[in-house]
Amino acid sequence: MMGARIRLVAMLALPIALGGCVSASEYAATDAGFSLVKGKTAESTGKQTCWVQNQEQARVASDRVKTLMAKKSIDVETAVQVALLNNKGLQAAYADLGDSAADAWQSTMLINPTVSVGLTGIGTPGLEAFKTVEGIIASNILALATRERNIAIADTEFRKAQLDAALRTLQLAADTRRAWINAVAAWETVAQINEAQAAADAASELAEKLGETGAMTKGAQAREHVFYAELAGQTAKARLAARLAKEELTRLMGLWGSDIDYQVPNRLPSLPKGLMKRDLIEAEALQRRVDLQMAKLDLEATARSYKLTETTRYVTDLELLSGFETEREKEDGEVETETTGQAELEFVIPIFDSGKARMRKAELAYMRAANLLAEKAVNVRSEARSAYQAYRANYDIARHYRDSVVPLRTKIEEESLLTYNAMITNTFELLADSREKINSILLAVNAKRDFWLAEADLAPAIYGGGAGAATGETEVAAAAENRGGGH
């Protein structure tokens, strides 16, 4: 009897012993997986990011933001760094990473056994308290058998969550850089329109005076007045666009209250002397694109889930029930007690569900994920090529306006001024030439803005975080969402 009890105790302790085989320290860390996010951020942007999880970390981040914003006018690098430290949506994305780490941690833990105790014959005459006591511990054997594969799937999902957090970080950095460029270009446009409006104001006043002397018809006066009036409307529209562009930058940097009283330059940087060489941009993108790495992990998780479904095709529930039963009988005035061990195996007989439908769904999910991954690779190469083509072309366009169009307009204006001083050109011809020069300068500003935006799109094309990546979701992830996996 004692030997049977020892074997029974060993059987009951088996699931508990198995629980200590896998180390979960990586998943249990408060900043689990964040080192990869920091590394990807530094590699792509040269900036630092932080995961704020307590008051001390929040204070350090806030102090650094205040130091960065103490400048009179912030440059683009400062704006990106402030956004990475201060954007609350990014902190929410990091919380998603922590949630995935907790799920992976949970996957390393065994399912708790079910314990049941039953008493029969309570109050039976002649016996003390009960006649039979029965204890059962039920353990899910299938969960134990598939435990390693479940852990592998959870680990794949965790690694994907790391890349997703990195992708959101890169997206924020790219959006902030573009917002800064748009805001500065908008204020530069306002400055140029203000110059044009000053010329239009002078022409309108001159037309009014000439009209009083009868030297100018009312129709000609009206043309000068309406140009001034239309330009006033364009100035107001340009100022509104500049304020809204700055507000977008403010939102991305996570600023509010008195912190929004910052300034941006009113002129974009000059064009660089030369272009960056990116002859191997396709290879760089295929190697470094975070969203492509996520798609590969999606396919890996789908493959693991497919194998798990195949393993559990016929049996979806398998439990081992082990326990003991103690019976008490009264014979010849004496109470005899007998304890016996019990072991039962419970499983579902696949009479109606053979698992073929689940296998088919798993196969289709894998094929869908594989094809979407291939499509993603093709798109990544194309996006990289397009980004570099836009970078080169916009540089040539902006340089053309800077070196050809604007100098020619300036030359025309200078010649008009000379002929005006010689009384060959009248006042309104001179003002018209000045207006045309302003228009050319505005086109040059837009061309310079487009170049810097194209330059800002190079890093997202190589590392990820371009337009449309805000949610961090991939087509492969959507395809693999319902993999049809079993236990």
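Biologist: Where is Arg 177 found?
Modeller: Arg 177 is found in helix H8, helices being DSSP runs of H or I with at least four residues, strands being E runs of at least two, both numbered from the N terminus. This is a predicted model, in which local features need pLDDT of at least 70 and side-chain atom pairs count only at pLDDT 80 or more, while totals for chains, interfaces and linings use all residues. Residues are numbered from 1 along each chain as its sequence is written, and side-chain values use heavy atoms, with hydrogens and water left out.

Biologist: Is Arg 177 buried or exposed?
Modeller: Arg 177 has a relative accessible area of 18%, so Arg 177 is buried; buried means under 20% relative accessible area, exposed means over 50%, and partly exposed lies in between, with a 1.4 Å probe and protein chains only.

Biologist: And what does Arg 177 touch?
Modeller: Not counting residues up to four places away in sequence, Arg 177 touches Val 76, Glu 77, Val 80 and Ala 456, where contact means heavy atoms within 4.5 Å.

Biologist: Switching to Gln 81, which helix does Gln 81 lie in?
Modeller: Gln 81 lies in helix H5, residues 76-86, and counts as buried because its relative accessibility is 6%. With residues up to four places away in sequence left out, Gln 81 touches Lys 47, Gln 48, Arg 64 and Leu 68.

Biologist: How far apart in space are Gln 81 and Thr 176?
Modeller: They are 9.3 Å apart, C-alpha to C-alpha, although 95 residues separate Gln 81 and Thr 176 in sequence.

Biologist: Now the core: which residues touch the most other members of the largest nonpolar core?
Modeller: Those are Trp 180, Leu 249, Met 253 and Tyr 262, in a core of 72 residues. A nonpolar core here is a set of buried Ala, Val, Leu, Ile, Met, Phe, Trp, Tyr and Cys residues joined through side-chain atoms within 4.5 Å.

Biologist: What is Met 253 in contact with?
Modeller: Leaving aside neighbours within four places in sequence, the contacts of Met 253 include Ile 74, Ala 79, Thr 176 and Tyr 262.

Biologist: How many aromatic pairs does the structure hold?
Modeller: The structure holds eight, where rings of Phe, Tyr and Trp (its six-membered ring) pair if their centres lie within 6.5 Å, and planes under 30 degrees apart count as stacked, over 60 as edge-to-face and the rest as tilted. Phe 34 and Tyr 94 form an edge-to-face pair, at 4.9 Å centre to centre with 75° between the planes. Phe 34 lies in helix H3 and Tyr 94 in helix H6 (residues 88-107), so this pair ties together parts that are 60 residues apart in sequence.

Biologist: What about the rings of Tyr 395 and Phe 451?
Modeller: Their centres are 5.4 Å apart and their planes are at 55°, so the pair is tilted. Tyr 395 lies in helix H12 (residues 356-421) and Phe 451 in helix H13 (residues 427-456), so the pair ties together parts that are 56 residues apart in sequence. Ring pairs also link Tyr 388, Tyr 391, Tyr 395, Phe 451 and Trp 452 into a cluster.

Biologist: Last one, what is the secondary structure of the chain?
Modeller: The chain comes to 15 helices and four strands, and 41% of its 487 residues count as buried.
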